[in-house]
Amino acid sequence: MKQKALSIISVISVIGLVICLFEIFSLHGEIDDLNRTISNQYERFNREVNSIYSNVDDKLKKQASILSEKSLDYGEKDLQNRTVEIICTAVPKEYTPGKTTAVLVLDGKEYKMKEKNGSFSVKASVSLFDEHMVNRIVFDTDGVRQTEDISESRTPRWDVLPSVYATKSGQSSNRKNTF
């Protein structure tokens with residue numbers, strides 16, 4: 001009888017140990033899941049903090065800028081002469097009608113901008129195949145010069161001319177479609 005009782009207690013103890021082991025492994029899995037969740041939340045938090053810095057930096061740059069709007073586009077292309085027009089339009093935050101003048105500095109050359117309703121624009125003819133640097137825009141009001149640094153590089157051939165790519169597999173593509 002005593003032997004039976006010891007056997008029953010041993011079996012119950014082994015079953016209890018097996019159940020405890022399953023619970024321990026389950027808890028390990030839950031801890032790993034929680035660690036992954038915390039790690040993901042920490043990374044998301046870091047991205048959001050970095051985004052705040054980026055947004056603040058963008059707002060400060062926009063506030064410090066003397067321009068309320070700026071655009072750089074391409075105009076007419078002349079394939080015969082291998083040139084294209086770069087059209088720059090800028091709207092200063094402050095200007096005096098009839099007194100404020102503007103100059104675009106493109107590749108180190110100055111191009112006088114024309115004013116119309118507070119917006120200054122210029123068309124400059126440049127080579128299709130060279131890289132061009134839009135350096136800055138300079139506003140002058142009664143001898144007081146204000147400069148907006150643009151420092152934007154442009155290569156018209158990639159933006160204006162069609163690009164076609166072909167592979168040995170019999171496929172070809174351009175910027176918009178694959179054939």
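First, a working rule: I call two strands paired if DSSP finds at least two bridges between them. I also keep in mind that this is a predicted model.

Strands first. I looked up strand β4 (residues 109-116) and found that β4 and β5 pair in the antiparallel sense over three bridges. K116 stands opposite S119 in β5. β4 and β5 make a hairpin with two residues between them, and N117 in the turn has a positive phi of about 55 degrees. I then checked β2 against β5: these pair in the antiparallel sense too, over eight bridges. T83 has S127 in β5 as its bridge partner.

Next, the rings. How many aromatic pairs are there, with ring centres within 6.5 Å? I get two aromatic pairs. In Y95 and F120 the ring centres are 6.1 Å apart and the planes sit at 85 degrees, so I note this pair as edge-to-face. Y95 is in the loop between β2 (83-92) and β3 (100-106), while F120 is in strand β5 (residues 119-127), 25 residues apart, so the pair links distant parts of the chain.

Buried or exposed? I looked up F120 and it counts as buried, at 1% relative accessibility. Y95 is partly exposed, with a relative accessible area of 30%.

The other pair is F120 with F139: centres 5.5 Å apart, planes at 75 degrees, so edge-to-face. F139 lies in strand β6 (residues 132-141), 19 residues from F120. Both F120 and F139 are buried.

Notes:
Residues are numbered from 1 along each chain as its sequence is written. This is a predicted model: local features need pLDDT of at least 70, side-chain atom pairs count only at pLDDT 80 or more; totals for chains, interfaces and linings use all residues. Side-chain values use heavy atoms; hydrogens and water are left out. Rings of Phe, Tyr and Trp (its six-membered ring) pair if their centres lie within 6.5 Å; planes under 30 degrees apart count as stacked, over 60 as edge-to-face and the rest as tilted. Helices (H or I, at least four residues) and strands (E, at least two) are DSSP runs, numbered from the N terminus. Buried means under 20% relative accessible area, exposed over 50%, partly exposed in between (1.4 Å probe, protein chains only).
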